[in-house]
Amino acid sequence: MIKRTRKGDFEVRLSPEEREVIGNVLAQLAEALRGDAAADPGFKRLFPVAYAQDPTLEEEYRELVGDELVNKRLASIEIAQQALGANRIDEEQLLALMGAVNDLRLVLGTRLDVSEETDLAVDPADPDAGAYALYGYLGYLLETCVAAVSR
């Protein structure tokens with residue numbers, strides 16, 4: 001899937017369908033981030049509460065870092081989308097792809113209420129079967145990215 005080359009860059013072996021699916025969900029994530037994602041419960045893992053006991057401090061914190069957190073994620077998504085169009089990428093692009101895929105998994109996992117005890121082998125008739133399959137695939141992709149960058 002993604003392997004480090006002898007030159008130190010990374011070869012991306014994804015099918016056109018994989019690239020399309022990942023690109024589409026990254027675009028959806030970017031669109032949601034441009035909205036009011038911090039207020040969306042599905043995004044609570046991307047924007048954890050810093051001051052749970054003090055709403056005033058929490059609001060101040062959000063005002064200070066909220067845009068920066070969103071902009072950083074949007075920049076990673078943009079780099080990741082460019083990387084999806086390439087057969088070879090550098091480490092910066094791979095790290096952006098890893099960050100974006102991780103963000104997707106966190107949001108999707110939160111929406112699906114995934115925990116360590118969750119069985120990802122769901123009945124194909126389950127209305128969320130596609131989302132669980134995507135969650136599993138994103139985990140596999142993230143593992144291959146981590147393995148590639150670790151070598």
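I started with Y51, which is partly exposed at a relative accessible area of 38%. My scale: buried is under 20% relative accessible area, exposed is over 50%, partly exposed is in between, with a 1.4 Å probe and protein chains only. This is a predicted model, so I note that local features need pLDDT of at least 70 and side-chain atom pairs count only at pLDDT 80 or more, while totals for chains, interfaces and linings use all residues. Residues are numbered from 1 along each chain as its sequence is written, and side-chain values use heavy atoms, without hydrogens and water.

Next, the aromatics. I pair rings of Phe, Tyr and Trp (its six-membered ring) if the centres lie within 6.5 Å; planes under 30 degrees apart are stacked, over 60 edge-to-face, the rest tilted. That rule gives me one aromatic pair. The ring centres of Y51 and Y61 are 6.1 Å apart and the planes stand at 75 degrees, so I log the pair as edge-to-face. Y51 is in the loop between α1 (16-34) and α2 (55-84), Y61 is in helix α2, and ten residues separate them. Helices here are DSSP runs (H or I, at least four residues), numbered from the N terminus. Y61 is also partly exposed, with a relative accessible area of 26%.

Then I looked for charges over rings, meaning NZ of Lys or CZ of Arg within 6 Å of the ring centre and within 35 degrees of the ring normal. R73 lies over the face of F47, 5.4 Å from the ring centre. R105 has its charged end over the ring of Y135, at 4.3 Å from the centre.

On to helix packing. What angle do the axes of α1 and α3 cross at? I get roughly 70 degrees, with the axes of α1 and helix α3 (residues 91-112) coming within 10 Å. Axes are lines fitted to C-alpha atoms over the stretch in contact, with angles from 0 to 180 degrees between N-to-C directions. α1 and α3 are therefore roughly perpendicular, the label for 65 to 115 degrees. V25, L26 and L29 of α1 meet A100, D103, L104 and V107 of α3, contact being heavy atoms within 4.5 Å.

Is D103 buried or exposed? D103 is buried, with a relative accessible area of 8%. D103 touches L29, L46 and R73, leaving out residues up to four places away in sequence.

Last, D113 in the loop between α3 and α4 (129-150). Phi of D113 is near 60 degrees, a positive value in a residue other than glycine. D113 counts as exposed at 63% relative accessibility.

Methods:
Helix = DSSP H or I, 4+ residues; strand = E, 2+ residues; numbered from the N terminus. Parallel < 35°, antiparallel > 145°, perpendicular 65-115°, else oblique.
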